[in-house]
Amino acid sequence: GSGLTVRPGFQKLVAAVCAGTIGAMFCIEASRLARNGRDWHHLVDLCALAGTLVIDPDGIYDPRLVNDRLLLGLKGTMSEYELSLLRQRGIAARDSKARRGELRFTLPPGYCWSEAGLIEVDPDDRVSGAIRSVFAKFRELGSARQVFLWARQSAILLPVVQRNLSAYKIHWKAPAYHGVVQILKSPIYAGAYAFGRTTDRTTVADGRARKTGGHHRPMAEWSVLLRDHHEGYISWRDFEENQRLLQENAHMKKRAAR
C-alpha cells in the first residue's frame, strides 16, 4: 500500500464510493488505508462528495464535517509517517548487517551458507567442478558466448539455484547465455562479499509512481564490497581482468564502448 504498486482492492473501494452505492466504509483501523497520503486524502474527498461515512473502532467520522475531516487527515499523515519510519529503520538495520558481511542472501551456485553464517564452497564436487570449468574455458576462449556455445555443443549441464532461502536446491539445466554471464560477472566467485549491486528506479506513469528493480550499478557505487571475505574460485585480479575482457567484447551492443 505504499503507492508504488497497484492496489486493486483500494481502487474497487474508490469505485464503490464514487458510484454512491455505499453509505459507510468500515475499517479495522482508518489509518490502515492511509499507507499513501495521496490515496487517503483523495478517498476522504470522495467520501465527502458522496456522503459516505468512515467508521473504525475509535468512532464514526463524517468527512463533510470540518472537525471529522481534520481528524481523518491527521490519522492519515501519522500513518504515512509511521510507515516511512519503519521502512527507514528496516533498511538501516539491513545495511548495517551487510557492512559486517553477515546479511544472508541467496548465493549463486557453487556456494552455500554454513551453520556459522559463513560463505563456503559447495561440498558437492559436481557443482564446484562445473563452476571451475566455466572460468577455465573463459580464460581459454576469451568470450562468454564461446563458452556458452562450447557448453551447448558438449551437452554440459550447469547448476542453477532455486531462489528460496529456506530450501537451498540445485537444479541442473542446459546452459543459458545469461547464466554464463552471471557466473563470470559475480564478484562472489572472486572471494568478495558484495551487496547493493543493483538499484531500484522510480518513474511516473499515468500519474502514479512505478518502481522497477534490477538496474545494475557501477562497482564504485556498490553499497558493500568486502574483498578476501571467503574462499574464491578465482582471484580478484582474475575477476577484474574478466570484467575488462567482457567489456571489450561488448562493442556490438547498444550504448557500449570499447
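**Exercise 1.** Is Arg 244 buried, partly exposed or exposed?

*Solution.* Start with the cut-offs: buried means under 20% relative accessible area, exposed means over 50%, and partly exposed is in between (1.4 Å probe, protein chains only). Arg 244 has a relative accessible area of 43%, so Arg 244 is partly exposed.

Before going on, a word on the source: this is a predicted model, where local features need pLDDT of at least 70, side-chain atom pairs count only at pLDDT 80 or more, and totals for chains, interfaces and linings use all residues. Residues are numbered from 1 along each chain as its sequence is written, and side-chain values use heavy atoms, with hydrogens and water left out.

**Exercise 2.** Find out where Glu 241 and Arg 244 lie and how their side chains meet.

*Solution.* First, the location: both sit in helix α7, 3 residues apart, about one turn of the helix.

**Exercise 3.** Work out which helices the salt bridge of Asp 238 and Arg 139 joins.

*Solution.* The two side chains meet at 3.0 Å, N to O. Asp 238 belongs to helix α7 (residues 236–249) and Arg 139 to helix α4, so the pair ties together parts 99 residues apart in sequence.

Notes
Salt bridge = Lys/Arg side-chain N within 4 Å of Asp/Glu carboxyl O. Helix = DSSP H or I, 4+ residues; strand = E, 2+ residues; numbered from the N terminus.
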